Amino acid sequence: MDLKNINLEECLKFLKEKKISSKELTTFYLKEAEANKDLNAYILLNSDNAIKSAEESDKRISNNTARPLEGIPIAIKDLFCTKDVLTTAASKMLNNFKPTYESTVTQKLWDAGAILLGKTNLDEFAMGSSNETSFFGPSINPWSKDKKKYVPGGSSGGSAAAVSGNIAIAATGTDTGGSIRQPASYCGIVGVKPTYGRCSRWGIVSFASSLDQAGPMTKTVNDAALMLDVMAGYDKKDSTSANLKKTTFYKDLKNKKKLRIGIPKQYKNDQLNKEIIKFWELGIEFFRKNNCEVVEIDLPHTEYALATYYIISSAEASSNLARYDGIRYGLRKNSENINDLYEQTRAEGFGEEVKRRIMIGTYVLSAGYYDAYYLKAQKVRSKIINDFNEAFKMVDIIFTPTAPSDAFEQGSKIDDPIQMYLNDVFTVPVSLAGLPAISVPMGLSKNNLPLGFQIIGKSFEEDSVFSAAKIIEENSNFKRETEK
Amino acid sequence: MDIDKKLVEKIATLSRVKIEEKEVERFSKELSKIITWVEKLNEVDTKDVTPVANPSDIKIPFREDEINDGKIEEKILKNAPEKKAGYFVVPKVLD
Amino acid sequence: MQKSNEWETIIGLEVHAQIISKSKLFSGASTDFGSDPNTQVSLVDAAMPGMLPVINRDCVEQAIKTGLGLNAQINKRSIFDRKNYFYPDLPQGYQISQFTQPIVGSGTIQIDLKDGTLKKIGITRLHLEQDAGKSIHDIEPSKSYIDLNRSGVALMEIVSEPDIRSAEEAQEYVKKLRSILRYIGTCDGNMEEGSLRCDVNISVRKKGEELGTRAEIKNVNSIKSIGQAIDYEFKRQTEIINSGGKIDQETRLFDEKKGETRSMRSKEEAHDYRYFPDPDLPPLEIEDEWIDKIKKNLPELPDVKKENLINQYKISSYDASILVSDKNNAEFFDKIINENTKRNPKNIANWIIGELFALLNKNNLEIKDSPIKAEDLGELIDYIEDETISGKIAKNVFEEMFKTKKNAKEIIQKKGLKQITDTDEIESLIDKVLNNNKDKVDEYKSGKEKLFGYFVGQVMQETKGTANPTAVNEILKKKLAK
């Protein structure tokens with residue numbers, strides 16, 4: 001049995017048919033993860049307890065009390081607080097932090113029978129798009145060849161690398177400006193950012209509160225739907241959580257939908273590399289062949305989305321990260337003076353990118369600058385949301401590339417923050433509007449690196465997003481590296 | 001917009017992040033670049049536009065007034081770098 | 001404090017009132033006072049990574065109630081903002097407050113001044129915010145100890161218009177505000193325990209000139225301190241201006257022991273709180289039905305009650321003020337008058353304000369802990385009004401009731417203090433006294449009118465003070481006139 005390339009759906013089937021046990025599965029993945037440490041996809045492997053949990057799952061499976069994800073080992077981005085298990089946010093600030101509580105989303109996974117395989121690497125405090133800002137070193141894109149090291153994308157780089165590198169069956173990520181979708185694109189896997197409010201944010205280390213969303217990162221669209229059904233749900237401990245009925249995304253995949261597809265003209269530009277344009281047009285063909293009408297739409301404020309995003313996310317981050325002060329948990333640099341304690345602790349605990357964003361955030365909120373930057377950004381955000389509302393009067397789905405390029409080489413953009421920020425140009429508008437979106441791999445670039453494409457839907461209409469994603473996935477027939 | 005050294009130091013103080021003398025220049029350059037880049041927003045006409053703080057349009061949900069939390073002092077203090085007699089301990093704070 | 005007529009003091013007060021509720025504003029931990037450190041702290045209160053706020057409905061209702069009690073506008077849509085600053089007792093590194101769109105808008109409070117005048121003081125706004133934890137500085141010399149029990153308790157910040165012009169007005173404002181809060185049950189107004197805190201904003205100017213620079217005075221923890229702080233500041237500011245100096249806009253601390261204010265030690269640049277809407281909390285929306293329901297259930301407010309006392313019972317404005325200054329006073333009065341509406345309300349008021357308060361004050365008691373219950377005082381008043389005992393005797397009975405907690409009936413019976421009203425009995429007593437003092441009677445008849453009092457005294461002595469004074473006077477007059 002090829003356990004390496006197995007996906008979530010197949011695992012559940014084999015477990016149910018008793019063709020494999022959870023213990024075998026879990027042991028295999030722990031071993032694979034150990035053997036592939038060079039990917040640096042994991043910050044921590046749950047070696048001790050994963051096997052124990054697997055054994056308990058096997059008991060349940062044998063006496064027919066299996067839950068939806070029973071026995072499946074899952075990799076968790078190290079931004080989700082896991083009870084009594086190290087949760088670092090890939091930062092020196094929290095490198096010794098063990099929460100006494102479990103995040104709502106991961107608790108839902110455990111309540112469904114899933115097993116914690118390990119905590120994956122990420123950009124520090126989820127700020128970045130290459131996984132190069134992690135305190136634990138960069139993660140590597142498993143598609144890297146010939147001694148070249150390519151980034152897996154970020155911030156959920158470790159999760160993407162793990163799933164793509166076959167050292168995880170599935171993983172969770174978080175997406176604030178593209179942090180699930182862009183690494184999914186770079187690594188050739190499926191990544192979903194649900195509608196804002198679909199998944200609870202309680203227990204997830206907060207970066208930008210009005211943008212953060214948890215989501216699944218998987219090998220297939222079916223897997224993503226399955227996992228999202230478990231992760232999603234109302235949480236009364238999160239005041240921004242949407243109070244909607246239980247989702248049935250996996251079941252609803254069967255219903256093929258007739259969809260109107262929109263192609264935003266502002267996303268086309270001659271700077272996009274040729275392969276991206278080729279696959280984009282191919283995707284449009286796939287939709288047409290499947291009875292979907294394709295039209296051009298207008299998202300006039302697209303060019304302002306990145307600036308808007310950076311102002312807003314930095315402002316919120318500067319405030320959300322104020323709690324890291326060395327007093328109740330985390331790193332402390334002692335001093336005889338409290339302000340000195342704060343300053344030294346935070347100088348040493350935070351990396352460069354985090355410091356930069358905190359400073360930008362503080363600046364754009366400060367007296368005299370608030371109106372010109374923060375308030376202005378919130379107004380432009382309103383216009384961007386309006387652009388989507390108008391477009392969605394005419395279409396059900398918007399189809400775009402996920403990123404403006406394939407994965408780049410490690411170290412090639414780290415010294416130029418703005419160059420780095422440009423990676424998010426297609427994903428950020430969606431985050432500002434709180435809309436659901438998925439990235440599905442379509443093919444390879446001329447560097448033999450994956451190219452993913454983004455499908456955006458209306459608020460809380462993830463079912464349409466999954467439906468459209470299936471069309472792209474089935475027709476692209478993208479084979480992951482190890483399957484070839 | 002130029003973020004000069006003085007402003008960098010002021011922001012660093014407000015954010016309680018110590019920036020070494022030799023780093024101030026670099027931060028000044030980087031922050032100036034980023035701020036200039038985001039000033040592109042000035043091109044957008046936002047007269048009479050209501051700002052949006054959160055994309056969802058829900059109203060604040062309420063919680064009943066009951067005591068269902070607290071009394072977990074062990075958990076609260078567990079990760080504290082310095083604690084004594086049930087308190088968090090910090091260097092003396094002067095008003 | 002003498003104030004020269006040329007100067008005007010402009011005062012505005014910011015009062016922080018802790019809301020009466022079981023749990024905190026955004027967490028389910030208890031709000032009890034005096035527990036062991038950090039035992040009333042949830043993960044949210046401790047600002048652990050990933051924690052989120054959820055608002056307490058009752059706290060919102062208390063704020064609406066208070067707004068209605070201040071005759072203020074309830075804003076149906078309000079926003080929570082973050083106020084960002086670093087301090088060890090502020091775990092999040094920001095306080096959840098309301099800056100641009102508070103829950104309550106402008107209102108008024110009416111205050112009563114000693115000279116009998118009424119003055120309206122404007123309320124600018126009321127908003128909800130979190131309280132901070134406590135820092136204890138005197139356990140160890142080089143350390144501060146942090147207790148987060150209070151962190152996250154709901155506060156109402158009530159801001160007055162700068163309509164206040166004197167220490168007296170400021171004190172009356174806080175007293176009235178406190179009594180309103182206690183009346184409607186939204187805050188216990190306990191300044192010693194810190195559930196009601198006051199910041200004073202004060203500036204001076206020569207009449208007719210522009211507004212002066214104001215100083216903010218913090219740590220003013222009692223009604224008395226409010227007066228002292230204002231008097232001290234007036235003196236300090238006018239002296240500076242008179243000697244050609246300028247007032248710094250600054251925050252000062254009031255020192256209770258010295259009765260002075262001093263500049264706060266941290267001379268850092270003015271706080272830049274970088275307020276922005278809290279992205280973890282959607283807007284607070286309040287429906288009309290909710291406001292109407294609260295309005296219906298609101299208890300009678302002190303000012304309205306005062307009007308009723310004056311109009312219905314003809315009680316003086318001054319006395320009425322005292323009765324409504326504390327909900328417990330008003331309830332005490334109400335019990336007595338409602339039990340027997342024939343009782344003379346003015347008498348009731350006099351007994352409460354005069355005799356009862358005197359004894360309570362002497363013994364350091366509050367009216368709610370009075371050994372004499374409302375029903376008992378009512379019974380005593382009945383005995384006076386139906387002339388069972390005289391007013392003078394009643395005072396003694398009252399003192400005895402206070403000391404022994406026994407009721408009037410028992411004491412009067414035991415001590416034989418029933419008033420003698422029988423005119424025959426009085427007449428024979430008077431005859432007795434006059435017969436025993438024949439020489440004095442002659443003196444009286446020849447002009448020494450002062451002796452009348454002596455005869456009265458003798459009769460009283462005979463009867464141990466229980467003879468009805470009016471009857472004694474009448475009958476004695478008749479007898480001596482013969």
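## Exercises on strand pairing, an interface and a helix

In this predicted model, C:Arg82 stands opposite C:Phe276, a residue of β15(C).

**Exercise 1.** Determine which strands of chain C form the open sheet that contains β15(C), and in what order they lie.

*Solution.* Begin with the pair β4(C), residues 81-84, and β15(C), which are joined in the antiparallel sense over two bridges. Extending from this pair gives an open sheet of three strands in the order β5-β4-β15, with antiparallel pairing. The edges are then β5 (94-97) and β15 (276-277) of chain C, since each pairs on one side only.

**Exercise 2.** Describe the side of chain B that touches chain C, and identify the element that gives the largest share of its residues.

*Solution.* Start from the contacts, in which 32 residues of chain B meet 42 residues of chain C. On the chain B side, the elements that give two or more residues are β1 (62-63), α3 (73-78) and β3 (87-91), and the largest share, five residues, belongs to β3(B). By residue class, this side of chain B comprises 16 nonpolar, five polar and 11 charged residues. Finally, consider the pairing of β3(B) with β9(C), residues 143-147, which is antiparallel and runs over four bridges; here B:Val90 stands opposite C:Ser144.

Note on methods:
Residues are numbered from 1 along each chain as its sequence is written. Chains are lettered from A and ligands numbered from 1 in the order in which they are written. This is a predicted model: local features need pLDDT of at least 70, side-chain atom pairs count only at pLDDT 80 or more; totals for chains, interfaces and linings use all residues. Two strands pair if DSSP finds at least two bridges between them. Two residues are in contact if their C-beta atoms, placed from the backbone, lie within 7 Å. Ala, Val, Leu, Ile, Met, Phe, Trp, Tyr, Cys and Pro count as nonpolar, Asp, Glu, Lys and Arg as charged, and the others, Gly among them, as polar.
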